[in-house]
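Student: I have a structure open and would like to learn how to read it. Could we take one feature at a time?

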There are 2 protein chains.
Amino acid sequence: MTAADRRQALREGLIAAAGQAIAAEGLAGLRARDLARDVGCALGAIYNVFADLDDLVLAVNARTLAVLERDLARARPPGDPQGAEAAIAALEALALAYADFAAANMLRWRAVFDHRLPRGRSVPDWYVSEQARLFDYVAAPLRALQPRLVAAERALLARSLFSAVHGVVVLGLEEKLQAMPREVLRRQVATVVTALARGLRDPG
Amino acid sequence: MTAADRRQALREGLIAAAGQAIAAEGLAGLRARDLARDVGCALGAIYNVFADLDDLVLAVNARTLAVLERDLARARPPGDPQGAEAAIAALEALALAYADFAAANMLRWRAVFDHRLPRGRSVPDWYVSEQARLFDYVAAPLRALQPRLVAAERALLARSLFSAVHGVVVLGLEEKLQAMPREVLRRQVATVVTALARGLRDPG
């Protein structure tokens, strides 16, 4: 193993250990001392591969987004949807996959949205594009619903459509409001996303 | 001043000071020592009126919800909307008021959703009903859109409609995704809520 290999192995080990800690206890459960123990390195060694814990959380969150993206890619019917009905079905399939992912990976999923960088520090560009790619899954069916929308407007509306479904899921699973049972949540998500898609359909 | 008055005054002082601290720096900016200094009490005196800081945050969040409710009440056209078009207009007015409230009170508004009680502790009933009351604002126009929906289903869908708008606002204002300028956000909220309402309209 070269020094670069060892560095890479430590990096991967820390991402895995931090991912498990977040999955078990949420962001609040992340402690450098525990991570060092879990991967068997010195406390200071963490900071040879990550600038700080925020940097490590970004790496974990990027992995979470990658798993979510894999689920969305699987849920999406193959090819770009042709016609409004196919687009509505595609949006429903994507929204249900999103709800299922969130319910099954609650604390890791929440960490993606709850994590805040210290004031004055902005999210690195690579992370911004990881996030933005998810909206593209929504943009394709949206094109079938509103073929005349220009690309910039479509991108904006795709983000808002994604966000609307996100809202239904995030407050649907919120314990402070009594979390909805999974089947109730799926029905609400389906109702909202299909109504939204029907309402957005270009009258022709 | 009786002892009860002094207790009440300290309670109000702490809620105000904590509200300001959250508005300035978010939940992470809340420190018991600073609060005691701000209101001029001993550190331990805080715990004579609140069980702990979580209890104090719940009190601040309830105030935030009360101000939001006042804004929603003002935005809502008077009387229950008659007919689908009036219901769509009412939902749009409520959604825009919500977006404006969130943008103008960002950190206090976020604290309502970001605050988590320690594991195993559940939100007190009085707080649950404060939250649930907000959904009633959505339930009234929803009744005009879907008169045949039974009350329990309407309450569930009202929560989901509220949540969809919440999602558009929360991710629209998210710096990690580049926050939308206020006017862009308002347009997106209006587009989503009116499309959603049109799509939910009972065909008769």
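Tutor: First, the ground rules. This is a predicted model, in which local features need pLDDT of at least 70 and side-chain atom pairs count only at pLDDT 80 or more, while totals for chains, interfaces and linings use all residues; side-chain values use heavy atoms, with hydrogens and water left out. Residues are numbered from 1 along each chain as its sequence is written, and chains are lettered from A and ligands numbered from 1 in the order in which they are written.

Student: How many helices and strands are there in chain A?

Tutor: Helices (H or I, at least four residues) and strands (E, at least two) are DSSP runs, numbered from the N terminus. Chain A has 9 helices and 0 strands. Along the sequence, the pattern reads α-α-α-α-α-α-α-α-α. The C-alpha atoms of chain A fill a box of roughly 65 × 40 × 35 Å along the principal axes.

Student: What share of the residues of chain A count as buried?

Tutor: Buried means under 20% relative accessible area, exposed means over 50%, and partly exposed lies in between (1.4 Å probe, protein chains only). In chain A, 50% of the 204 residues count as buried. Of the contacts in chain A with a separation of 6 or more, 72% come from residues 24 or more positions apart.

Student: Into which domains is chain A divided?

Tutor: Domain bounds come from an automatic or database domain assignment. Here they give domain 1 (1-50) and domain 2 (61-200) of chain A. The C-alpha centres of these two domains lie 30 Å apart. In the contact between them, 9 residues of domain 1 of chain A meet 6 residues of domain 2 of chain A.

Student: How is the area between the two domains described?

Tutor: Buried area is the accessible area (1.4 Å probe) that two parts lose on being put together, summed over both. Domain 1 and domain 2 of chain A bury about 580 Å² between them, with 71% of it on carbon and sulfur atoms.

Student: How many salt bridges count between these domains?

Tutor: A salt bridge is a side-chain nitrogen of Lys or Arg within 4 Å of a carboxyl oxygen of Asp or Glu. The count between domain 1 and domain 2 of chain A is 1 salt bridge. In chain A, Arg63(A) forms a salt bridge with Glu12(A), and their closest N and O atoms are 2.9 Å apart.

Student: Now the two chains. How many residues does each chain bring to the contact?

Tutor: Chain A and chain B bring 43 residues each. The area buried between the chains is about 3500 Å², and carbon and sulfur atoms give 57% of it. On the chain B side, Arg159(B), Leu171(B) and Lys176(B) lose the most area to chain A, together 21% of what that side buries.

Student: Which salt bridges join the chains?

Tutor: The count between chain B and chain A is 2 salt bridges. One of them pairs Arg116(A) with Glu174(B), the closest N and O atoms being 3.2 Å apart. As for helices, H8(B) gives the most to the side of chain B that touches chain A, with 14 residues.

Student: What does a salt bridge link within chain B?

Tutor: Take Glu175(B) and Arg110(B), whose closest N and O atoms are 3.3 Å apart. Glu175(B) lies in the loop between H8 and H9 of chain B and Arg110(B) in helix H6 of chain B, so the pair ties together parts 65 residues apart in sequence. Glu175(B) is partly exposed at 48% relative accessibility, whereas Arg110(B) is buried at 8%.

Student: Is Arg37(A) buried or exposed?

Tutor: Arg37(A) is exposed, with a relative accessible area of 59%. Its salt bridge partner is Asp38(A), at 3.1 Å between the closest N and O atoms, and Asp38(A) is partly exposed at 48%. Both belong to a network of salt bridges that links Glu25(A), Arg31(A), Asp34(A), Arg37(A) and Asp38(A).

Student: How many salt bridges does a search of the whole structure find?

Tutor: Over all chains, the search finds 28 salt bridges.

Note on methods
Contact means heavy atoms within 4.5 Å.
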